[in-house]
There are 2 protein chains.
Amino acid sequence: MTTIKDVAQLARVSVSTVSRVINQNGYVERDTYNRVVAAMETLNYKPNAVARGLVIRKTATLGLIVPDVANPFFSDVARGVEDEAIENGYTVILCNTDWQVTREDMYIQLLRGRWVEGAIIVGNRAAPEFLMHQLEDVPFILVDSRPNQIVNAVWSNNLVGGRMATQHLIDNGCYRIVHISGPEGSPSALARREGFYQAVLSARNVQVSVVSGDFRFDGGYQAAVDLLKCRPHPNGIFAANDMMAIAVIQAANEMGIRIPEDVMLVGYDDITMARCVYPSLTTVAQPAYDMGRTASKLLITQLKHGVSDLQHVEFKPELKLRKSTERMS
Amino acid sequence: MTTIKDVAQLARVSVSTVSRVINQNGYVERDTYNRVVAAMETLNYKPNAVARGLVIRKTATLGLIVPDVANPFFSDVARGVEDEAIENGYTVILCNTDWQVTREDMYIQLLRGRWVEGAIIVGNRAAPEFLMHQLEDVPFILVDSRPNQIVNAVWSNNLVGGRMATQHLIDNGCYRIVHISGPEGSPSALARREGFYQAVLSARNVQVSVVSGDFRFDGGYQAAVDLLKCRPHPNGIFAANDMMAIAVIQAANEMGIRIPEDVMLVGYDDITMARCVYPSLTTVAQPAYDMGRTASKLLITQLKHGVSDLQHVEFKPELKLRKSTERMS
DNA sequence: TCGAGGTGTGAAAACGTTACCATATGATAA
DNA sequence: TTATCATATGGTAACGTTTTCACACCTCGA
């Protein structure tokens, strides 16, 4: 490992001078400059960000914590965050919690220990108060969280979304409706389920139940198989996200159950694939990329201009009608 | 920001003692220990990993660079890498290059500057020699790269895979075959294209062409629309990955072109969705999760037991036959 | 000729931590 | 009694940077 000292020695100058060359500040003679640059070149020297960070206490890095990168919604959010960050000279450290609270906590420690300048936490499981305590002086913003009055957040209204999805099933005549819920502890999953309850509560003659999923294909598949084995099986399913909804389609296909004739299906997220499956999936859309981008922008603004007021941005969910709930009459 | 000094002061001990408490080494009296722990608690003290890293030169962190987290293949690799890493006490910093060489380079600098102990680079665009130069003494392993004799690597044989996919189209009677290629600079895309050429070269009476895609849905969609507008349009398409293949399905659906009757289609990767689209997608499977996991394991073994011999692990691609190439006769 | 101010350079003190060495106390063995 | 050893703690030098201060040199105008 070559250090600034080695460079200084080879260039026959002090470390101060090398530092000045690296950071392009202070006076340094043309000749000296060239000598230093040449020395850095021959030694393949790269300044050590760890030591640098220790001194200047700036890292130009943002931390991004997501529950599951393999989920298209979250990876789109991540892309939005990253694009905005890079345009503003920040780099992004992405951490994947796999929906585990312990991993979330671990990565928060990691980020704080690495002195990220700000953090974006998507689908946080820990309470906002706890996060504030953990992150202490690191500004952060939540995405896809529950609305709350304590911290900055970007979210789409999952309560309304869940209600819309469910109401749509009811309006289409479904009367045995099942909700495949997201993982316990996911704020958006919780809100969607609440929306589901709100909708069915005001409906007449509707049998409902909720089974728990995990926002993953496999979990959704398992839930769907169990569900569709029942006699009589539900005639309306609201899956808490598209991955699970697509798993339902898969299971139904294999079991010879027709969608939408035998059972109608609504998903959530409107991932790209929702249009491509057969039958195409009715789903509640939320603008993942924009949400990420917005969160990133808000956080960066705060970093650049100091603390600001509490910022809340809400996106409106939108029901996309497709074949999986089309009436055949 | 509270430091070890603050803790020492509050607990009325020296920083050395606090350090001993934190790292659980050396002698420290029960009473002192408790006092220090209490002090850390009240101050909400978290050791600073930056400073720590500077001294002990170990970070227990791995760097993972992927071209596109939104691509299911890469996110599955990432999950594999991460699961293995965490089981071994490492945390993973994930970086997303968006297929841009500049970002890849930027993140390599970042990782090196942050003193990751090892790096896993997926679908590298830069040459291995360049990476060796850049990363210098940071051990690393390539995933989904070209086979080469210089660095450790885990890959599946994309050449054979590309050949298999193409041969399958030929065997099914396709005679106007188009390959939608992956992004320029992606090693696996390149190999698949070579496999394509090898297969068509040994075939008689086959018209071929190659158009370039980007491994993304949108790029594949655009390519597909252009392609299917031609008269006569191709009757066999080999898309370099499943995302683009699914985009082809989408485009074909919209244009009233039937798959497989009018045009047969093969993808690559066997992502979960490949089974769910209509028609289900014939594709070349590679075990993304296992590849990531293997790479991670290899790297960690090397880190723990010092330099080892050059390690190469090859996975065999496997053709999954589904409806998109089913003969209707 | 002198001082002011711009230019170029180096020494040394931070940053927050760990590791090593020194010192002190008490217990045990010769 | 004295030497040895385990236990407990503090002081201090690193780690690789940046930044501040100090000093030296040069040029220019009065």
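Predicted model: local features only at pLDDT ≥ 70, side-chain atom pairs only at ≥ 80, totals over all residues.
**View 1. Protein surface around DNA strand D.** Sugar and phosphate make up 61% of the atoms of DNA strand D that come within 4 Å of the protein. Sorted by class, the surface near DNA strand D holds 12 nonpolar, 10 polar and 6 charged residues. Helix 4 of chain A gives the most to this surface, with 5 residues.

View 2. At B:Arg20, an N or O atom of the side chain is 3.2 Å from a base nitrogen of DNA strand D. The side chain of B:Tyr27 places an N or O atom 2.5 Å from a phosphate oxygen of DNA strand D. B:Glu29 approaches through its backbone, where an N or O atom lies 2.7 Å from a phosphate oxygen of DNA strand D. The elements that give two or more residues to the surface near DNA strand D are helix 2 (15–23) and helix 4 (49–56) of chain A, together with helix 2 (15–23) and helix 4 (49–56) of chain B.

**View 3. Protein surface around DNA strand C.** DNA strand C is surrounded by 26 residues, of which A:Ser14, A:Thr32, B:Ile4, B:Tyr45 and B:Val55 are the closest. Among the atoms of DNA strand C within 4 Å of the protein, 66% belong to sugar or phosphate, and the rest belong to bases. By class, this surface has 12 nonpolar, 10 polar and 4 charged residues. Helix 2 and helix 4 of chain A, together with helix 2 and helix 4 of chain B, each supply at least two residues of the surface near DNA strand C. Helix 4 of chain B has the largest share, 5 residues.

**View 4. Polar contacts of chain B with phosphate oxygens of DNA strand C.** A backbone N or O atom of B:Ile4 is 2.3 Å from a phosphate oxygen of DNA strand C. B:Asn48 has a polar backbone atom 3.0 Å from a phosphate oxygen of DNA strand C.

**View 5. Interface of chain A and chain B.** In this view, 51 residues of chain B are in contact with 51 residues of chain A. The size of an interface is often given as the accessible area lost when the parts come together. Chain B and chain A bury about 5,100 Å² between them, and 55% of that area is on carbon and sulfur atoms. On the chain B side, B:Val50, B:Arg79 and B:Arg114 lose the most area to chain A, together 13% of what that side buries.

**View 6. A β-α-β unit in chain A.** Strand 6 (residues 176–181) and strand 7 (residues 207–212) of chain A pair in the parallel sense over 6 bridges. One bridge partner in strand 7 is A:Gln207, which pairs with A:Arg176. With helix 9 (residues 187–201) of chain A, strand 6 and strand 7 make a right-handed β-α-β unit.

**View 7. Cis peptide bonds in chain A and chain B.** A:Ile259 and A:Pro260 are joined by a cis peptide bond, with omega of about 5°. The loop that holds A:Pro260 runs between helix 11 (242–255) and strand 9 (264–269) of chain A. In chain B, a cis peptide bond joins B:Ile259 and B:Pro260, and omega is about 5°. B:Pro260 lies in the loop between helix 11 (242–255) and strand 9 (264–269) of chain B.

**View 8. Backbone of A:Arg57.** Although A:Arg57 is not a glycine, this residue has a positive phi of about 60°. A:Arg57 is in the loop between helix 4 and strand 1 (61–66) of chain A.

Definitions and conventions:
Residues numbered from 1 in each chain as written. Chains lettered and ligands numbered in written order. Heavy atoms only, no water. Pairing = 2+ DSSP bridges. Helix = DSSP H or I, 4+ residues; strand = E, 2+ residues; numbered from the N terminus. Right-handed = clockwise from strand over helix to strand, strands pointing away. Near = heavy atom within 4 Å. Polar contact = N/O pair within 3.5 Å; in protein donor to acceptor, adjacent residues only side chain to side chain. Nonpolar A, V, L, I, M, F, W, Y, C, P; charged D, E, K, R; others polar. Contact = heavy atoms within 4.5 Å. Buried area = accessible area lost by both parts, 1.4 Å probe.
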